[in-house]
Every structure is written in C-alpha cells, then in structure tokens.
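Open the structure in your viewer and keep the selection panel at hand. We will go stop by stop.

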Amino acid sequence: MKILQVCPAFYPAISIGGPIFTILSLQRLLATKNHIVDVLSTPLGLSQKDRASIVYNKPMTMPVTMSVPGVITYQHFYGYPHFTFSPQSFWWLFKNIEKYDMLILHGVWNFPILAAALVCRIKKVPYFVVPHGTLYKETIELRSALLKKTFLKLYVERMLVGAKRILFTTRDERDKVTNFLQLDFSSFVLPNIVRSAEFKQLPVRGEFRRHYSIPADAPVLLHYGRISRKKGIEFSIQALAKLSSEFPDAVLAVVGGDEEGYRAVIERCAKDWGVQHRVIFTAMVERKPMGMQAMVDADIFVLPSLSENFGMAVVEAMQCGLPVVISNNVGLAPDIGSAGAGLVVSLTPDNEPLANAIAGLLRSPEERRALGEKGKNFAIEHYDDQAVASIVDELLALV
C-alpha cells in the first residue's frame, strides 16, 4: 500500500512536541510492514540550520540518521505559524494525491490538513485524521476560541464526518471528543508509539544533576515537555512549596522549550510561592542524551495537565523506570490508574491530592522503585512498536 502522511511539521522539529515523535514512529512502523510511506510537510519548528538544507516542492529522501525510508516534500508556509497557510500544498496534493491508496492527516486546524481533506473528498481517496488532542473542548477554548468554533461549524465538522476514521490515541480522548462534538463520525483508538529499543541503554545517573548543580541527595521532581498553560506546571510549583517543610532541598526541573512566553508566568508563580531558587529551567533539549539524563536523575515525573490527549513524556519517563504522578486530565490516566502503573490525582484548588501523592513517594524509595518498574513493564506491554503493530494491521484492513 502507498500511504501519504500530511503534517504541518516533521522530525527533527522537536519544538512542536510529542506529535513529531508520533508521526516518525508511525512512519517507521508502516515501513516495516512493507508499505511505501511518503510525507508532505512544512518547515514549521525546524531550526535555521535544518531549513537551510531543504529544497522546496521537491521530494527529498529521509536523512539516514532517521532510519526511516520514504520521501518528504516540503512546502513553504506563510503568516501565522499555527495555521501554516501553504497554497503550494493544495496544488501539490491536487496533482499527486491519486498516487496514494490512503492519507493520514496529522492535526485539524492547519491549512495542509484542511487542504488534504478537501482534495481527498474531490478525488475520492480515503483519509484518516489524527487530531492529536486538538479537538478537546478545553483545547479549543484555550486559544482563538471564537475563530475555531466558527471554523468547526463551517468546515471541520464535514472534514471529520468524511474521514474513513478519526484516530484517537486513547479511549479517554475518543469518549470526551465524541461527547463534545456530537458528530456521526467513525473512530478508532491507535495508541502513540514509544519504542522500548530507544530506552535499552540509559545514561549513567548523575550527569544531569552535575550539569545543573543539583546535590546528589536532593529530591528532584521533573517536568519534561513544552512549557505551556495546559501542562499545569503551576500545580507542580504549588506542590513543591507545600512540601518545603518536609523536603526543603527538593527541586523542580522544568525541561522543555517555552511556548509563547509562558515561562514568564511560571517564573512569577515560583516567586509568589517563594520557591524560585528551587525551580530549574533547562530550555528545550533533545530526548538523547539530555532528556534521558533528566529522567534517569529525577525521582518523580509530574504532569498535572489541564488537558492531554495521550502523554508521550509520561510513557518516556515510564520507559526509564521513573515513577509518574499525573492528573486525571491526561488521556493515559484511566489505563495507568487501573493498572497501578502510576499515581493519578485530581486537581483541586488546595492542590492537596498532588502534594500528598508526591510526598508519599518521596518518603519511600522502595515504593518509587516498585512503581517505576511496574510503569516500565506497562509501557513496554502497551506502547512499544511491537505492541501497536497488530492495532495498525486492524486499521489498514479498514481501507
């Protein structure tokens, strides 16, 4: 089968976050099943160095470092980066779409996705839509709410109904979006892939602490991922402050790139709670080596998100054997909670559930080790590429 993935950004645009790794992993998995998989994208999120190597509107082989077959075609975009307006994408699709048996569209609100869905309907080529959490009610209301709601009624609803399937990453995402939109579309749950092979050889413990002058015996709470409002980092800071009397040396490491200046909000929050000297910002880092070093050196991974369709960083932390504490707004929370593979808490105004969960783990190294091991086994069993392979086969049988 010949498949085209359409996405506003593609690896190595890691500043975009988890979807970048999802698209790359799916590309790799489909290729192992002898499918031909190409990509249409824009330079969104790429560094200046990476952009300099692009030849636009011409198929380029994937870099050898990605270990992924297939070709990628980049098209220019203009204006607002979160919309990636790219007229060339539309014309390229119109000319080339009939070469493909199916399309996988990653996102909802970007021009290349909307254009691809329209051309698919005109040319009668089946397509799947992966919303990556962008259809939650909370996400729509987070930014440009009126514009999104208008566009939802004018076009997006028809795009979703016309899709072969909407691919949700968790049952939680499927159920919440279905209840919110009340549309008659077909859906399918396809978990994100986090390859266990990438976590076989973990870094030696201690390098991250040395680099950021964190004492070897200081408890480290870890946020790993973009700094944005929906990640709920303020709750982690408040919990850190609440634990100050019992754990005065505890620190919160915020490992990730800033999104639209939200770091300034986090810094003010830390200052208001009197813990600014115990919150460390690293800026964006690659998963290897510094991201993994942070996960190896941390004691607890904390993600009190307000909205999260999956939680790639959660699974990555679990793959490193790091115990996780997450909010019940994370898409993985029902599965992780029922399996006892991590601690799931509700977010409350007093923040006691989160603070108590963290304190309980900090008091017990044995419990942290046991929870980390259980989480690692759960992650491998459910989200490794081998675990997701059979689900992909079920999906492709629908075409």
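Predicted model: local features only at pLDDT ≥ 70, side-chain atom pairs only at ≥ 80, totals over all residues.

**Stop 1**

The 6 strands make an open sheet, ordered β11-β10-β9-β12-β13-β14, and their pairing is parallel. Colour β11 (279–283) and β14 (343–345) next. These are the edge strands, and each pairs on one side only. Look along the sheet: from one strand to the next, the twist averages 25 degrees.

Now zoom in on β9 (residues 220–224) and β12 (residues 300–303). These two strands run parallel and are joined by 2 bridges. Which residue in β12 is the bridge partner of leucine 221? Isoleucine 300 is that partner.

**Stop 2: helix α12**

Select residues 312–319, helix α12. Click through them: Met312, Ala313, Val314, Val315, Glu316, Ala317, Met318 and Gln319 are buried. Then step on to glycine 321, which follows α12 and has a positive phi, near 80 degrees.

**Stop 3: α12 against α15**

The crossing of α12 past α15 is left-handed.

Show side chains here. From α12, pick Val315, Met318 and Gln319. They meet Gly372, Gly375, Lys376, Phe378, Ala379, Ile380 and Tyr383 in α15. By class, this contact has 6 nonpolar, 3 polar and 1 charged residues.

**Stop 4: the mixed sheet**

Move to the open sheet of 8 strands. Its order is β3-β4-β2-β1-β5-β6-β7-β8, and its pairing is mixed. At the edges stand β3 (60–61) and β8 (187–189); each has a single partner strand, so one side of each is left without a neighbour in the sheet.

Select β3 with β4 (residues 71–74). They run antiparallel, joined by 2 bridges. Methionine 60 has isoleucine 72 in β4 as its bridge partner.

Finish with two helices. Helix α4 (residues 111–123) lies across β1 (2–6), β5 (102–106) and β6 (127–130), running at about 155 degrees to β5. Helix α16 (residues 385–396) packs on the sheet too, touching β1, β5, β6, β7 (165–168) and β8. The direction of α16 makes about 165 degrees with that of β8.

Note on methods
Residues numbered from 1 in each chain as written. Heavy atoms only, no water. Axes fitted to C-alpha atoms, helices over the stretch in contact; angles between N-to-C directions. Helix = DSSP H or I, 4+ residues; strand = E, 2+ residues; numbered from the N terminus. Left-handed = near helix turned anticlockwise from the far one by under 90°. Contact = heavy atoms within 4.5 Å. Nonpolar A, V, L, I, M, F, W, Y, C, P; charged D, E, K, R; others polar. Pairing = 2+ DSSP bridges. Buried < 20%, exposed > 50% of the residue type's maximum accessible area, 1.4 Å probe, protein only.
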